[in-house]
Each structure stands twice: as C-alpha cells, then as structure tokens.
Amino acid sequence: MVVRQFGGRFPVISLDELEALFRASSVELGRRFGARRVGDKYLLPIQAVPWFTLIDLGREYPIGGLIIRGVVVDGPVDKPWLDIVLGFLVGDYVVGVSVVGRRAVGCRSRPLNPPLDLWDLPRGLDFPRPVAVTRDVSGNVVDVSAPMDCLAGLGVSPGSSTRFLLVYVGLVSVGGRVFIDLGGSSLLAS
C-alpha cells in the first residue's frame with residue numbers, strides 16, 4: 001500500500017508497487033492490494049493505486065484554512081512535461097496545487113487518469129479516477145492549500161474535511177527522478 005506518514009522524502013510514484021500490481025494474481029489483488037471483485041473486474045481502492053501516494057495527516061482537518069508550507073519538489077521542475085498534483089483528498093476530489101514546469105495558467109479541473117506513458121494497464125482492473133481541482137504553481141518549494149475560488153459549483157465546501165494529502169504524477173518515467181520532501185514542511189490549520 002502506498003500510504004505514508006507525514007514527513008520524510010519519497011518518490012512521486014512507487015515503481016515497486018506498480019511492478020507488483022502488474023505481476024499480481026487474482027488472490028494477491030485481494031490480499032495485498034485490497035481489490036474487490038465487481039462483476040468481471042477487480043476494483044482497486046485509492047490507497048492501492050501505485051500512481052497515487054497518500055500521506056496520512058494524522059487526523060481529519062477542514063480544508064478551509066489548511067496549508068502545508070514548504071513542500072520541496074526535488075527534481076527537474078523546469079521541464080515543460082512536469083505536472084505533479086499535490087492536493088487534499090475530499091471524497092471524489094483532490095483539491096490543491098499542480099506543480100508545473102511551464103507557465104502557470106490558474107485553475108484547472110481534470111480526472112487523474114493512469115499515467116500517459118503506461119501503455120498497457122493490467123487487464124481486469126478498474127481504478128478510481130478522482131477529479132483534481134488545482135491551481136498551477138511553479139518552483140521547487142510550494143505551499144499546498146485548497147484553491148477555494150476554484151471550487152465554486154462542485155459541492156466542496158470549506159468545511160469539508162480531509163485526512164490525506166495525495167501526490168500524483170502523470171508519467172511513470174519520472175518515478176526515479178522526482179521526489180517530494182516533507183521533512184521541513186509544516187502543517188497549519190486555522
């Protein structure tokens with residue numbers, strides 16, 4: 001499972017878990033990954049999807065006023081293909097920031113699909129695809145907070161709560177080159 005405690009340094013994607021998922025038998029899908037059989041497919045819970053990393057914040061926090069300051073993105077943050085989502089998991093949404101290697105464009109909303117360079121997905125598996133609502137930022141040190149002005153009309157209120165920070169990158173190939181460091185980060189809740 002790709003659930004971590006707050007703090008430390010880790011890769012943006014777990015290549016070991018991805019390889020294990022591709023090699024898993026139907027029994028291992030249930031035991032190791034917590035997949036449930038639904039019809040002729042297995043449904044993976046979000047914490048078992050290798051291109052998502054969940055960071056446990058330790059308890060529930062309301063997203064309004066929640067900020068994680070000083071998140072370090074260690075890697076080639078100036079590349080135009082870079083797009084890393086760092087956001088709070090709220091139901092079917094991930095609200096936060098997108099660290100981009102190009103000019104920041106403001107608010108964006110999109111489903112978090114399997115990585116673009118993952119050509120063949122394991123057959124018979126279905127994955128959660130939460131919708132990311134993010135504000136673009138650039139640089140290698142960022143603050144993560146919910147973009148409240150971008151959430152209008154989605155039914156996500158400032159009082160909605162979260163326990164997890166989700167990290168997502170749309171390319172498997174950056175797995176060994178881009179890391180997130182929360183070692184010097186601080187969590188502030190108002």
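Predicted model: local features only at pLDDT ≥ 70, side-chain atom pairs only at ≥ 80, totals over all residues.
**Note on strand pairing and side-chain contacts**

1. Asp83 counts as buried, at 18% relative accessibility. The reason is the cut-off: buried means under 20% relative accessible area, so 18% puts Asp83 in that class.

2. The contact belongs to a network: salt bridges that share partners join Asp83, Arg108, Arg110 and Asp136.

3. How many salt bridges does the structure hold? There are ten. One of them is formed by Asp74 and Arg9. Their closest N and O atoms are 2.6 Å apart. Asp74 lies in strand 6 (residues 67-74) and Arg9 in strand 2 (residues 9-11). That is a separation of 65 residues, so to speak a link between distant parts of the chain.4. Asp74 has 34% relative accessibility, and Arg9 has a relative accessible area of 46%. The cut-offs explain the label: exposed means over 50% and buried under 20%, so values in between count as partly exposed. Arg9 has a further contact. It lies over the face of Phe179, 4.0 Å from the ring centre.

4. Strand 6 also contributes Arg69. Its side chain forms a salt bridge with Asp143, at 3.1 Å from N to O. Asp143 belongs to strand 12 (residues 141-145), and 74 residues separate the two partners in the chain. Arg69 counts as partly exposed, at 36% relative accessibility. Asp143 is also partly exposed, at 36%.

5. Now the aromatic residues. The structure holds two aromatic pairs. One of them is Phe52 with Tyr168, and the pair is tilted. The ring centres are 5.7 Å apart, with 45° between the planes. Why is it called tilted? Stacked needs under 30 degrees and edge-to-face over 60, so 45° falls in the remaining class.

6. Are Phe52 and Tyr168 buried or exposed? Both are buried. Phe52 belongs to strand 5 (residues 52-62) and Tyr168 to strand 13 (residues 161-169). They are 116 residues apart, and the pair links distant parts of the chain.

7. Seven bridges join strand 5 to strand 13, and the two run antiparallel. Asp56 has Phe164 as its bridge partner in strand 13. Strand 7 (residues 83-90) is joined to strand 13 by five bridges, again antiparallel. Here Val85 has Tyr168 as its bridge partner. Tyr168 is also the residue that forms the tilted pair with Phe52.

8. Three strands form it in the order 3-4-10, with mixed pairing. Why is one side of strand 3 and of strand 10 left without a neighbour? Strand 3 (36-38) and strand 10 (125-126) stand at the edges, and each has a single partner strand, so one side of each has no neighbour in the sheet. Strands 3 and 4 (residues 41-43) run antiparallel and are joined by three bridges. Among the partners in strand 4, Lys41 is the one for Val38.

Technical notes. Residues numbered from 1 in each chain as written. Heavy atoms only, no water. Phe/Tyr/Trp six-rings, centres within 6.5 Å; stacked < 30°, edge-to-face > 60°. Helix = DSSP H or I, 4+ residues; strand = E, 2+ residues; numbered from the N terminus. Buried < 20%, exposed > 50% of the residue type's maximum accessible area, 1.4 Å probe, protein only. Lys NZ or Arg CZ within 6 Å of the ring centre and 35° of its normal. Pairing = 2+ DSSP bridges. Salt bridge = Lys/Arg side-chain N within 4 Å of Asp/Glu carboxyl O.
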